[in-house]
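This report concerns a single predicted model. Please consult the sequence and the structure shown below.

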Amino acid sequence: TGSKDHSIHLRKIAIKKGLKLNEYGVFKIKGKQEKQVAGYTEQEVYKKLGLQYIEPELREDQGEIETALRNKLPKLVTSREIKADFHIHSNWSDGSASIEELAKEAEKLNYEYIVISDHGGKLAIARSLNKKEIEKRTKEIESLNKKLKIKNLKGIEVDILADGKLSLPDSVLKNLDIVTASVHSGFKFSKEKQTLRVLKAMENPYVKILGHPTGRLIHERKPYEIDLEKIYEKARENRIALEINAFPNRLDLNDSNTREAVKNKVKLAIGTDSHNKEHLRFMELGVGGARRGWASSKDILNTYSLKELESWL
């Protein structure tokens, strides 16, 4: 399994070693005879070629073979390591399930905690919550946390306004566990204006996650223009995680941007952006994107225990 370019590169390595590699295995050629010397497993194939095993998600001929020759490939994050989901909408805003229903579904996935990230502010189409509604929701969350094994963290997804301000005041944000800031409008701003707008939002001391950082909707809307290098730098400076939004029409950050974030030592938070309990299963897509982006468990906040997350916060 792997891309055409990855396969061609491997075959060139095989030829240099006096071997033949094809879809049936690795063969030693003696005259007109061929003897199979590897191919029962993929691990065996890579070992015979003198390479560290390369996971399928990395097989794009984008440096993974050179890295494998040095035995320096990362140990990629796995679904088994996921302890949480950082982006879930309940029926308090535009979701269809109650917090309790979502929590019980997350318990089936063996999560330790989830972040209830309902919309907050003035985004009418998303039934955004105001201060009083957030306070009522907080009481419900605190009540549920007393009776459920899984912990529900008080989150919110606030809009980044055109001037970089947030759609809720700090007096509200300071009482929440995790604030995710996202762009939901102004997608056609210039690259400079969009970048400055997001950077200003990331200066807010309560923002901990930048949601779907490029704003793309697959087959519907292209990513907005933004200088991601500056975003990575600001995220690292202000200890803000960038989201890998696992909803199927987003997958944002994408794999190549995820890899750049990892190179820049930026933390990543996978969120399903769930609007019903079935959406929680999209975590698999987020993990897949993280793996394609060369991310290991240390790069992904979802692998943190609640105690480790609190320490990071």
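## Helix α4

Helix α4 spans residues 99-108, and its buried residues are Ile99, Leu102, Ala103, Glu105 and Ala106. These residues lie on the same side of α4, because the arc they cover around the axis is only 165 degrees. An α-helix has 3.6 residues a turn, so residues three or four places apart point the same way.

The buried residues of α4 pack against β4 (84-88), β5 (113-116) and β7 (151-159), as well as against the helix α5 (131-147). After α4 comes asparagine 110, which has a positive phi, near 65 degrees.

## The largest pocket

The largest pocket holds about 310 Å³ of space. It is lined by 18 residues, of which Thr1, Leu10, Leu21, Asn22 and Glu42 are the closest to its centre. Two or more lining residues come from each of α1 (4-16), β1 (19-22) and α2 (42-48). Of these elements, α1 gives the largest share of the lining, with 4 residues.

In terms of residue class, the lining of the largest pocket comprises 9 polar, 5 nonpolar and 4 charged residues.

## The second largest pocket

In the second largest pocket, the space amounts to about 260 Å³. The lining consists of 15 residues, and those closest to the centre are His119, Leu123, Ile125, His184 and Arg250. By class, this lining divides into 5 nonpolar, 5 polar and 5 charged residues.

Methods. Residues numbered from 1 in each chain as written. Predicted model: local features only at pLDDT ≥ 70, side-chain atom pairs only at ≥ 80, totals over all residues. Heavy atoms only, no water. Buried < 20%, exposed > 50% of the residue type's maximum accessible area, 1.4 Å probe, protein only. Arc of directions from axis to C-beta. Contact = heavy atoms within 4.5 Å. 1 Å grid on protein atoms, 1.4 Å probe; cavity = no way out; pocket = protein on both sides within 12 Å on 5 of 7 lines; lining within 4 Å. Points joined across faces, edges and corners; volume = space filled by probe spheres on them. Nonpolar A, V, L, I, M, F, W, Y, C, P; charged D, E, K, R; others polar.
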